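Hi,

Here is the structure I promised to pass on. Have a look at it first, and then read on for what turned up.

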Amino acid sequence: MKYISLRNINVFYDQKQVLEAVNLDIDSNDFIGVIGPNGGGKTTLMKTILKQISFEGVVEYHKSDLKIGYMPQLQNVDKSFPISLLDVVVSGLQSEKGITGRYRKEDYKRAEVLLEMAGINDLSHKAIGELSGGEFQRAMLCRAVICNPHVLILDEPANFVDNRFEKELYELLKVLNEQMAIIMVSHDLGTITSYIKTIVCVNRTVHHHHSNKITPDQLNRYDCPIQLVCHGDVPHIVLEHHSK
């Protein structure tokens, strides 16, 4: 079942074209890994799907009640704001409640269940400024899924976390994918290939590669200047710091 369709999308920043003629479908069981060079338009694509920026073309939600959970990059979140971890998670329901809506006991109970699932329920009343990078990422994931979204969007969720939590994060996402579609921006293709189902290459244009395996020749065909480097039997990618 299709959840979201992008048709003939063009995005410009200050008259510079960032996305060109993008066509993409997101289905209900998708787990998409989004890769591409720095400045190639990955985050812009996510913001277009969320309808957070101006664009040319059509972004169609195929469900009238479609819910999207979004976990932004960690560096784009102000951790100095005086708010507890529990309140951060519950704030993921704000779009449903509206500006004046109040959170119910059931909302906090749902947040506590998610925090327990993420292994940080004992930190629920800590200020977010006191959390480690990994703890904060877990809290932001809980915030993104508290509304029971149909689609979960994550922009480089494994940044600033250690290897142990990174694996736990991907295992958790694998479980969540049984309930929702997932779109995840990542710079580490070698790590995520055993979790994702397909790959989207973004470098102004967008190509949906319908497999979790990709070769250097295919990357060249997609005009995606990323080098595959093997560590043992596992391919990793090295991002080149320029776009087309």
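Six strands make an open sheet in the order β5-β6-β7-β3-β8-β9, and the pairing is mixed. Strands here are DSSP runs of E with at least two residues, helices are runs of H or I with at least four, and both are numbered from the N terminus. Two strands count as paired if DSSP finds at least two bridges between them. At the edges sit β5 (68–71) and β9 (205–209), each of which pairs on one side only. Neighbouring strands of this sheet are turned by 15° against each other on average, direction ignored. (Axes are lines fitted to C-alpha atoms, for helices over the stretch in contact, and angles run from 0 to 180 degrees between N-to-C directions.)

Before going further: this is a predicted model, where local features need pLDDT of at least 70 and side-chain atom pairs count only at pLDDT 80 or more, while totals for chains, interfaces and linings use all residues. Residues are numbered from 1 along each chain as its sequence is written, and side-chain values use heavy atoms, with hydrogens and water left out.

Back to that sheet. Strand β8 (residues 198–203) runs antiparallel to β9, and 5 bridges join them. Within this pair, Asn203 stands opposite Thr205 in β9. Helix α1 packs on the sheet, touching β3 (31–35), β5, β6, β7 (181–185), β8 and β9, and its direction makes about 150° with that of β7. Contact means heavy atoms within 4.5 Å. Another helix, α5, lies across β5 and β6, running at about 165° to β5.

There is also an open sheet of 3 strands, ordered β2-β1-β4, with antiparallel pairing. Its edge strands are β2 and β4, each pairing on one side only. Strands β1 (residues 2–13) and β2 (residues 16–27) pair over 8 bridges, and they form a hairpin with 2 residues between them. Asp14 in the turn has a positive phi of about 50°.

Next, helix α4 (residues 105–117). This helix has 13 residues and reaches 19 Å from its first C-alpha to its last, close to the 18 Å expected at 1.5 Å a residue; the expected span is 1.5 Å times one less than the number of residues. Which residues of α4 are buried? They are Asp107, Ala111, Leu114 and Leu115, where buried means under 20% relative accessible area, exposed over 50% and partly exposed in between (1.4 Å probe, protein chains only). These four cover an arc of only 100° around the axis, which puts them on the same side of α4; the arc is that of the directions from the helix axis to the C-beta atoms. The face turned away from the buried side carries the exposed residues Lys105, Lys109 and Glu116. Cover for the buried residues includes α2 (85–90), α3 (94–97) and α5 (133–145).

Lastly, two loop residues. Lys51, between α1 (42–49) and β4 (56–61), has a positive phi of about 60° although it is not a glycine. Glu156, between β6 (151–155) and α6 (163–176), is also not a glycine and has a positive phi of about 50°. Lys51 is partly exposed at 43% relative accessible area, whereas Glu156 is buried at 13%.

Cheers
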